[in-house]
Amino acid sequence: MTLIDCPDGADFEFGILIQKKNIFILENGRLPNGSEVSKVLKKYNDSDILGSYGEQAYRTFAAALSPEAAEPDGLKRIPYRSLFITEPAEYAAVVARAALLLDWLHHTKYCSSCGSRLHLSVSETALECPQCRRIWYPVLAPCIIVLISNGEQILLARHVQHTSDIYTCIAGFIEAGESVEEAVAREIREEVGLTVKDIRYRGSQGWPYPNQLMLAFRAEYVSGDITVQKEELSEAAWFTRDALPPIPLPGSAAHRLICGDWY
Ligand SMILES: [Zn+2]
């Protein structure tokens, strides 16, 4: 699969136009096509457009507007997360992929080894250095998210950076050299001071904020009293499913774990 520079997205079924964490869709809720997005882009200066590409394999023409650019006329702005949780589900993969790739392209213009301007690879989804020939791939950040059970109870926590009352699962980035199971056990130990057993993989999800790959697990409580890591969590407690606090919206890995889709 390759990305191509294309000034005009006329040949593409999906036209993805994003700005910050939003996407612009048609009034009827569908994605515009490539030529509709190209028409919109013609009204902007180059400095308003952070980047764009076409990709045949995903039938996608994608572009990102700078945060300062005015919103386009005739299209409706919604958080792109909404397209992960609503029908048609076919949009989830193309939107998540485009959001990740546009962010990556915007932040990966020069070779970190020799400083040359990078070009799109003609053979794979990557950037290539014309000077030292090094290949730069899109960067994924693998993360674990885990639901801990103790009999009928599940452990949920409130994060310090969340201003809302949302309670969710324990989560964190996988450290260099760690296995995913080791990351699960470590995050639980660090964030709530518990030990667990029976760590079981339940599913995964691309999560382009900007580039996480969420790997979802369940684990069984073994021992310890809840001791929250103050830098990360404001509170953690055991809940039963018939008396849950506010939880993340449907479609997220956390919701699937908590509500049993990934039981
Ligand atoms: Zn180079």
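Strand 1 (residues 14-19) is largely enclosed by the rest of the structure, because six of its six residues are buried. Here a residue is called buried if 20 or more other C-beta atoms lie within 10 Å of its own, exposed if 12 or fewer, and partly exposed in between, with C-beta atoms placed from the backbone. Strands are DSSP runs of E with at least two residues, and helices are runs of H or I with at least four, both numbered from the N terminus. In a regular strand the side chains alternate between the two faces of the sheet. Strand 1 is covered on both faces: F14, I16 and I18 are buried on one side, and G15, L17 and Q19 are buried on the other.

Before going further, a word on what you are looking at: this is a predicted model, in which local features need pLDDT of at least 70 and side-chain atom pairs count only at pLDDT 80 or more, while totals for chains, interfaces and linings use all residues. Residues are numbered from 1 along each chain as its sequence is written.

Now to the partners of strand 1. Two strands are said to pair if DSSP finds at least two bridges between them. Strand 1 runs parallel to strand 4 (residues 60-65), and six bridges join the two; within this pairing, I16 has A62 as its bridge partner. Strands 1 and 2 form a hairpin with two residues between them, and K20 in the turn has a positive phi of about 50 degrees.

Let's step back to the whole chain. Its secondary structure comes to five helices and 14 strands, and its C-alpha atoms fill a box of roughly 60 × 45 × 30 Å along the principal axes. Of the 263 residues, 32% are buried. Residues count as being in contact if their C-beta atoms, placed from the backbone, lie within 7 Å. Among contacts with a separation of 6 or more, 63% are between residues 24 or more positions apart.

The domain assignment, which comes from an automatic or database source, gives domain 1 (14-107) and domain 2 (141-258). Taken over C-alpha atoms, the centres of domain 1 and domain 2 are separated by 31 Å. Seven residues from domain 1 and seven residues from domain 2 take part in the contact. On the domain 1 side, helix 2 (82-85) and helix 3 (90-107) each supply at least two residues, and helix 3 gives the largest share, five residues. By class, the side of domain 1 that touches domain 2 has six nonpolar, no polar and one charged residues; Ala, Val, Leu, Ile, Met, Phe, Trp, Tyr, Cys and Pro count as nonpolar, Asp, Glu, Lys and Arg as charged, and the others, Gly among them, as polar.

Helix 3 itself has 18 residues and reaches 27 Å from its first C-alpha to its last, close to the 26 Å expected at 1.5 Å a residue; the expected span is 1.5 Å times one less than the number of residues. The buried residues of helix 3 include Y91, V95, L101 and W104.

Next comes helix 4 (residues 180-192), where A183, V184, E187, I188, E191 and V192 are buried. Seen down the axis of helix 4, these buried residues fall within an arc of 130 degrees, so they line one face of the helix; the arc is that of the directions from the helix axis to the C-beta atoms. An α-helix has 3.6 residues a turn, so residues three or four places apart point the same way. The buried residues of helix 4 pack against several strands, including strand 9 (141-150), strand 12 (195-207) and strand 13. Just after helix 4, G193 takes a positive phi of about 70 degrees.

Strand 13 (residues 212-223) contains A216, which counts as buried because 24 C-beta neighbours lie inside 10 Å. Leaving aside neighbours within four places in sequence, A216 is in contact with residues including I145, R202, A253 and W262. For a contrast, look at H255 in helix 5 (residues 253-258): H255 is partly exposed, because 18 other C-beta atoms lie within 10 Å. Beyond its neighbours within four places in sequence, H255 is in contact with I247, P248, L249 and P250.

Conventions. Two residues are in contact if their C-beta atoms, placed from the backbone, lie within 7 Å.
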